[in-house]
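The structure is shown first.

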Protein chains: 2
Amino acid sequence: MSERRSRTHRKRGYHHGDLAEAMSNVALKLIAEFGPAGFTLAEVARVIGVSAAAPYRHFKDREALIAHIASRGFEKFTAALEQAWNEGKPDPTTAFMNVGRAYLQFAENEPAYYAAMFEARLPTDLQQDVTDASTDAFAVLRRAVETLIADMPKAKRPPAMMVALHVWSLSHGIADLFGRNNPNAHPIPMEPEDLLEAGVLIYLDGLGLPLESSKKG
Amino acid sequence: MSERRSRTHRKRGYHHGDLAEAMSNVALKLIAEFGPAGFTLAEVARVIGVSAAAPYRHFKDREALIAHIASRGFEKFTAALEQAWNEGKPDPTTAFMNVGRAYLQFAENEPAYYAAMFEARLPTDLQQDVTDASTDAFAVLRRAVETLIADMPKAKRPPAMMVALHVWSLSHGIADLFGRNNPNAHPIPMEPEDLLEAGVLIYLDGLGLPLESSKKG
DNA sequence: CTGACATGTAAAGGGTTTTTACATGAACTG
DNA sequence: CAGTTCATGTAAAAACCCTTTACATGTCAG
C-alpha cells in the first residue's frame, strides 16, 4: 500500500499518486470542522491542489466518499474496541470498562470518523453498507457483555443483547452530548469517561452483577 | 397570534401574511427529510411560492433560521417533559418513567425539531443561544431526579446532577441510534421506549433507589 | 518501443444563492 | 377617507459552484 504510494509519489507531475487516499484525509479534516454535510468534492480537490474533476475518477460523488470514510471508521472503531477488551483480561469487569473508555476516546480522537459513522445522512443503499460495517463493532460489545454476565445464575441473567444496547446507547449519548470537545456543549462537572464509567457501574450493579471489587475483595 | 395571521391571511396578494412562520414550517419538513444541513433559504422560498429574496427579510441566513427552530424546539421539549413529569404524580418513579417516554416520543414525533436541536452545526454565537435554550429542559429532568432521590438516606444519595446526566445521555443515545424511525438503523428486538424504561429501571435499582413496586407493593 | 488504460486537465453547461434597487400595500394619522 | 410611511415582497443581476464532456498525459504490459 505505502509501497505503491511511495513509488508513484516520487514524481508529482501530472498524476497525483494516491488521490483517493489524499481525498479521504482532506475530507476527514473538513468533516471535523464542518460536519459530514459541510464539504464538497470540489473543495476537497481545491485543497489538494488538483483539478475539480479529478475526484470523480475515484468516487462517484460526495456521498460515496463519506460512506467509504464511515466504513473505514467502523473498521478502526472495531479494532479499538477489540484491543480494549483484550479478551476480557485482566478480568471481565475491568476489560468492559476499558471498552467504554475506548469508545469515548475514539469519539474524541477521531471526531471526523465518528461524525461520518453516526451523523451522515446517506441514501438508503450507502447507509445500509455503513450500517452493515457497524455490525462488527457492536458484536465486540455484545460478546464482551456475554462474557461479563456468563457467571450469573441463569434465572437472574439478563439478555446480552439488551445490556449491549443499553451500554452502547449510554456511550453514544455521552459522546454525542458531552464528548468530542464541542466548545458549546453543556459544561459538566466531570470528564465524559468518568461519567460513563460511573453510569455503567451503577447499571451493572442494578443488574445484580457481582463486581470484581466486591467479589474477589 | 392566530388572530393576526387569519386577519392578514385572507388576502394572499403581494404580501404573504406570516412568512416567518411559513418558513419555519417548511424548514421543519425539509429538515425532517434531509437534515439540518439539507436545505437552503432559496429552497424554502420556492416551496412557499415566494421570491428567493423574501426570506432574507425575516432571517439573516439559513443558520439563523435553524437556530430559531432549535430554540423553539427546546421550548416545546421543555413543555413536553414538564407535562410528563406532572409534578411527580402519581408517584415520582412513575412520573420519572413518563418523562423518559416523553423524551423519546418527542424525538419520534418531532424529528425535525430534534435534529435542529441536537444535530445542527451552528456558528459559536448561535449555538450558544441554543445551548442556553436547552438549560430549561435539562432543569426539568434534574428537578425530577431530585424529587426521585429525595427520600434516600443522605449517605447513599447520589449527586442529582450525575443521575440526570446519565438519564439524559441514555435517552439521547437511544433516540439518536434507534428512535426517529430511521429506516437504516440497526434493528433491535424491542421498542425504544421499552429499551429506555428497562435501562432506567436497572440503573435506578443500581442506585439503590427503592422502586414503587417493591416499596408499596 | 508501442498501444491501451488509468488518471488528470480544461472548459463549458447548468444550476443556485445572495444582494441591490425598486414596487406594493397595510396600517396609522389627522 | 386620503395621504404618508414602513415593513414586506419582487425582479434582475452578480457571484459562486458543481458536474460533465472531450481531450491530454503518463504508466505499464507485452
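## Helix packing and loop backbone

In this predicted model, α4(A) and α7(A) run roughly parallel to each other, because their axes cross at roughly 10° and angles under 35 degrees count as roughly parallel. The two axes, of α4 (residues 62–85) and α7 (residues 124–149) of chain A, come within 8 Å. Two packed helices are described by the angle between their axes and the distance between the axes.

Which residues make the contact between α4(A) and α7(A)? On the α4(A) side they include Ala67(A), Phe74(A), Phe77(A) and Trp85(A). On the α7(A) side, Val130(A), Ala133(A), Val140(A) and Arg143(A) are among them. The residues of this contact divide into 13 nonpolar, four polar and five charged.

Most residues other than glycine have a negative phi, and most peptide bonds are trans. In chain A, Pro90(A) lies in this loop, and the bond joining Lys89(A) to Pro90(A) is cis. In chain B, Pro90(B) is likewise in the loop between α4 (62–85) and α5 (92–109), and the bond from Lys89(B) to Pro90(B) is cis.

Glu87(A) is also in the chain A loop, and Asn86(B) is in the chain B loop. Their values are listed below.

| Residue | Phi | Relative accessible area |
|---|---|---|
| Glu87(A) | positive, about 60° | 66%, exposed |
| Asn86(B) | positive, about 50° | 37%, partly exposed |

Terms used. Residues numbered from 1 in each chain as written. Chains lettered and ligands numbered in written order. Predicted model: local features only at pLDDT ≥ 70, side-chain atom pairs only at ≥ 80, totals over all residues. Heavy atoms only, no water. Axes fitted to C-alpha atoms, helices over the stretch in contact; angles between N-to-C directions. Helix = DSSP H or I, 4+ residues; strand = E, 2+ residues; numbered from the N terminus. Parallel < 35°, antiparallel > 145°, perpendicular 65-115°, else oblique. Contact = heavy atoms within 4.5 Å. Nonpolar A, V, L, I, M, F, W, Y, C, P; charged D, E, K, R; others polar. Buried < 20%, exposed > 50% of the residue type's maximum accessible area, 1.4 Å probe, protein only.
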